[in-house]
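This note was prepared for a colleague who works with the coordinates directly. Please read it with the sequence and model at hand.

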Amino acid sequence: DQYSIESIAFTMPEQLLDEALLREELSLEEGHIINIEKLRRDIKIIETKVADLGYAFVRVYPDTKQDKEKKTVAISYAIIPGDKVTVRNVRIAGNSRTIDRVIRREMYLTEGDLYSRTDLEDSKGAIKRTGYFEDATVSEERVSRTEIDLVVNVKETQTGSISGGIGYGTSDGIVLSASVSDNNVFGSGMKGVVSVERDDGEI
């Protein structure tokens, strides 16, 4: 049987989140048909909202109470934020070529910052968008109740290319050209291009 949502409630510390704004973010609403996938998605949304306030180890427990006669379900989210967490260290691994600071400048979180799950995900995306790495992950290592280490693991990719060409002109005769480019020169994060052109025996 399909069950509709009779009510949605939240149990959390006072002033942790604005309940009205939180309800606008959720997929499920009162009157909707209950959907487990949307319920799981809403749990992730709540966790992220709280984690962005520095509560890295937040837990959200949904309690559902069914009324079999009315075919309704009441949802109550118990939100347990835990302690606020700061970043102790950011460690870089896997970069045999790229300099650490090139990766660090893409991080939205650094030593001493209050934890934010959204900033963590944005950091992963920023590192991947550089084009210097085949893959990049940022994992969390819990140090204590109030501290966390971030470990950045990257897998470097080829960033350079070589190209050449040959042409012919009535005035210049045969023209040879070649160029070497690299989007990450010496792992510095800088782009460089060297080109050579030869015609009639001159460079």
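The points below go from the overall fold to individual strands, helices and side chains.

1. Basis of the note. The model is predicted, so local features are taken only at pLDDT of at least 70 and side-chain atom pairs only at pLDDT 80 or more, whereas totals for chains, interfaces and linings use all residues. Residues are numbered from 1 along each chain as its sequence is written, and side-chain values use heavy atoms, with hydrogens and water left out.

2. Overall architecture. The protein chain has four helices and nine strands; these are DSSP runs numbered from the N terminus, with helices being H or I of at least four residues and strands E of at least two. From the N terminus on, the order of elements is β-α-α-β-β-β-α-α-β-β-β-β-β. Of the 203 residues, 33% count as buried, where buried means under 20% relative accessible area, exposed over 50%, and partly exposed in between, computed with a 1.4 Å probe on protein chains only. Among contacts in the chain with a separation of 6 or more, 54% come from residues 24 or more positions apart; contact means heavy atoms within 4.5 Å.

3. The three-stranded sheet. An open sheet has the strand order E1-E3-E2 and mixed pairing. Strands E1 (4–11) and E2 (59–67) stand at the edges, each with a single partner strand, so one side of each has no neighbour in the sheet. The twist averages 20 degrees from one strand to the next. Two strands are said to pair if DSSP finds at least two bridges between them. E2 and E3 (residues 72–80) run antiparallel and are joined by nine bridges; Arg-59 has Ile-80 in E3 as its bridge partner.

4. Helix H2 against this sheet. Helix H2 (residues 36–51) lies across E1, E2 and E3 and runs at about 25 degrees to E3. The angle is taken between N-to-C directions on a scale from 0 to 180 degrees, with axes as lines fitted to C-alpha atoms, for helices over the stretch in contact.

5. Thr-72. This residue belongs to strand E3. Is Thr-72 buried or exposed? Thr-72 is buried, because its relative accessible area is 11%. Leaving aside residues up to four places away in sequence, Thr-72 touches Tyr-3, Ser-4, Glu-6, Lys-65, Gln-66 and Asp-67.

6. Aromatic pairs. A search of the whole structure finds two aromatic pairs. Phe-10 and Tyr-77 are stacked, at 5.6 Å centre to centre with 20 degrees between the planes. This pair links distant parts of the chain, since Phe-10 is in E1 and Tyr-77 in E3, 67 residues apart. Tyr-132 and Phe-133 form an edge-to-face pair, at 6.1 Å centre to centre with 75 degrees between the planes. Rings of Phe, Tyr and Trp (its six-membered ring) pair if their centres lie within 6.5 Å; planes under 30 degrees apart count as stacked, over 60 as edge-to-face and the rest as tilted. Phe-10 and Tyr-77 are both buried, and Tyr-132 and Phe-133 are buried as well.

7. Strand E6 and its partners. Seven of the ten residues of E6 (residues 147–156) are buried, so that the strand is mostly covered. With E4 (residues 86–93), E6 pairs in the parallel sense over seven bridges, Arg-91 having Val-151 as its bridge partner. With E5 (residues 133–142), E6 pairs in the antiparallel sense over nine bridges, and a hairpin of four residues joins E5 to E6. Ala-136 stands opposite Val-154, and Arg-142 stands opposite Ile-148.

8. Arg-142 and Phe-57. Arg-142 also lies over the face of Phe-57, at 3.8 Å from the ring centre. The criterion is that NZ of Lys or CZ of Arg is within 6 Å of the ring centre and within 35 degrees of the ring normal.

9. Helix H4. H4 (residues 117–129) has 13 residues and reaches 19 Å from its first C-alpha to its last, close to the 18 Å expected at 1.5 Å a residue; the expected span is 1.5 Å times one less than the number of residues. Its buried residues are Arg-117, Leu-120, Ser-123, Gly-125, Ala-126 and Ile-127. The cover over these residues includes H2, helix H3 (100–104), E5 and E6. After H4 comes Gly-131, whose phi is positive, near 85 degrees.
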